[in-house]
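Please look over the sequence and the structure before reading on.

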Amino acid sequence: MLHLGTRLTLFSLGSGEPENTKGQSLKPSQTPQDFPKYVRKLTGLKSEHVFCNLRVPNQHQTANDDINIVLLTGRGVFCLDLKSWRGAVSAHQRGWHVQLRQEGGDLPNTCVEQVDDPVQAITTKTVNLCHHLKRSGVCVRQSLFIPRVVFLSPDCDLDQELRKRKELVSYDQLDPFLASFRESYGGWLSDALTPSWISGRQSYRQLEAVRGLLGRAGTWDLLQLRGGEQLRGDYQGCPYVALDRQETGTLEFSGAKTLSPDSLWALLGHAPRVTVRMYKRGARGWLGKTQSASATIPSDTLVLFRRSGEDTEIKIPAGTIHSIILSI
């Protein structure tokens, strides 16, 4: 049985890295989950040109990699990996080191965590995205696919050698980097009049083709627990609940109540029940979301969920789940 709070990975755009435990915020007062809004604000890009958590198949199409943010512009397809690291960061032959300072006791302690090279990781995923588009009939030069690693915390200190790398965007470079995507009316007019083979930029036809394909790319299901934790991955199923993913966008779990051992209902053998309400994908009525079906199940019914990056499923009691948002 899964022990909630100890084995569940908290959802974040930069999952798998040391988290900002002191709640440091982005400019201004942002969280990693709010970062896409911050991107749209500073870049001026339309929401349909900013894609989050895309699942991109590798070259052998045997697995999917996750790209945190993809920005579609005339200059190219920018693939961003977001990191919430805090501490001194340096590159070594066998990986990167993140040196964390831990307060407590009479003397502060320092621990060093070794992580994989994030530049190599996002470069591989960017190449995979380029090949995925080509396999789908959209041909864009590979040089227009641009990988970047973005550091979100002001407490992340890159060493001097890393600061020289163009693939890395430190916290103090974040605003200028995002602002560089803003285009003037003159630039827009120049793009409209200059053929792409001369300007070296993407044509409007290419932009629309890439946008359409990225819009159909898969994302992850998002499972939210009653305690507030969030998991991303693949919802595998739940006994007594049948649904069509093309029609259903959200599952909401409600009504879970714990019976005291000496209550009459418990003595009669009744277990707590949960109502699972299914809502149609994208459909909204006068009073909000449109419900398509519902089911009442025991609260200890185990929901199967596979977290992103893992090969095995975990089993989560239905009574501990608040909702599941299903990707297409």
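The sections below go from the overall make-up to single residues.

## Basis and overall make-up

This is a predicted model, in which local features need pLDDT of at least 70 and side-chain atom pairs count only at pLDDT 80 or more, while totals for chains, interfaces and linings use all residues. Residues are numbered from 1 along each chain as its sequence is written, and side-chain values use heavy atoms, with hydrogens and water left out.

The protein has eight helices and 17 strands; helices (H or I, at least four residues) and strands (E, at least two) are DSSP runs, numbered from the N terminus. Of its 328 residues, 41% count as buried. Buried means under 20% relative accessible area, exposed over 50%, and partly exposed in between (1.4 Å probe, protein chains only). Among contacts between residues at least 6 apart in sequence, 60% join residues at least 24 apart, where contact means heavy atoms within 4.5 Å.

## The five-stranded sheet

An open sheet of five strands has the order β1-β2-β3-β7-β9, with mixed pairing. Two strands pair if DSSP finds at least two bridges between them. β1 (50-57) and β9 (168-169) are the edge strands, each with a single partner, so one side of each has no neighbour in the sheet. Helix α7 (residues 204-215) packs on the sheet and touches β1, β2 (64-73) and β3 (76-83). The direction of α7 makes about 145° with that of β2; axes are lines fitted to C-alpha atoms, for helices over the stretch in contact, and angles run from 0 to 180 degrees between N-to-C directions.

Seven of the eight residues of β1 are buried, so the strand is largely enclosed by the rest of the structure.

## Nonpolar cores

A nonpolar core is a set of buried Ala, Val, Leu, Ile, Met, Phe, Trp, Tyr and Cys residues joined through side-chain atoms within 4.5 Å. The largest one has 33 residues, of which V70, W96 and L129 touch the most other members. At least two residues each come from β1, β2, β3, β5 (95-102), α2 (118-135), β7, β8 (156-158) and α7. The most come from α2, with five residues.

Not counting residues up to four places away in sequence, L129 touches V56, I67, V70, V77, C79, F145 and L214. Another core, of 21 residues, lies apart from the largest one and includes L231, M278, I297 and I321.

## Helix α1

Which residues of helix α1 (residues 35-43) are buried? They are F35, P36, Y38, V39, L42 and T43. Seen down the axis of α1, these fall within an arc of 155°, so they line one face of the helix; the arc is that of the directions from the helix axis to the C-beta atoms. K37 and K41, on the other side of α1, are exposed.

The cover over the buried residues of α1 includes β1, β2, β3, β7 and α4 (174-179). After α1 comes G44, with a positive phi near 75°.

## Residues with positive phi

Most residues other than glycine have a negative phi. N53 is not a glycine, yet has a positive phi of about 50°. N53 lies in strand β1 and counts as buried, at 11% relative accessibility.

Y240, also not a glycine, has a positive phi of about 75°. Y240 sits in the loop between β11 (230-237) and β12 (248-254) and is exposed, with a relative accessible area of 62%.

How many disulfides does the structure hold? The number is zero, a disulfide being a pair of cysteine sulfur atoms within 2.5 Å. C111 is partly exposed, at 25% relative accessible area, whereas C238 is buried, at 8%.

I316, in strand β16 (residues 314-317), is buried with a relative accessible area of 0%. I316 and L304 are twelve residues apart in sequence and 6.6 Å apart in space, C-alpha to C-alpha. S299 lies in the loop between β14 (288-298) and β15 (302-307) and is buried, at 15%. Apart from neighbours within four places in sequence, S299 contacts P272, R273, V274, P317, A318 and G319.
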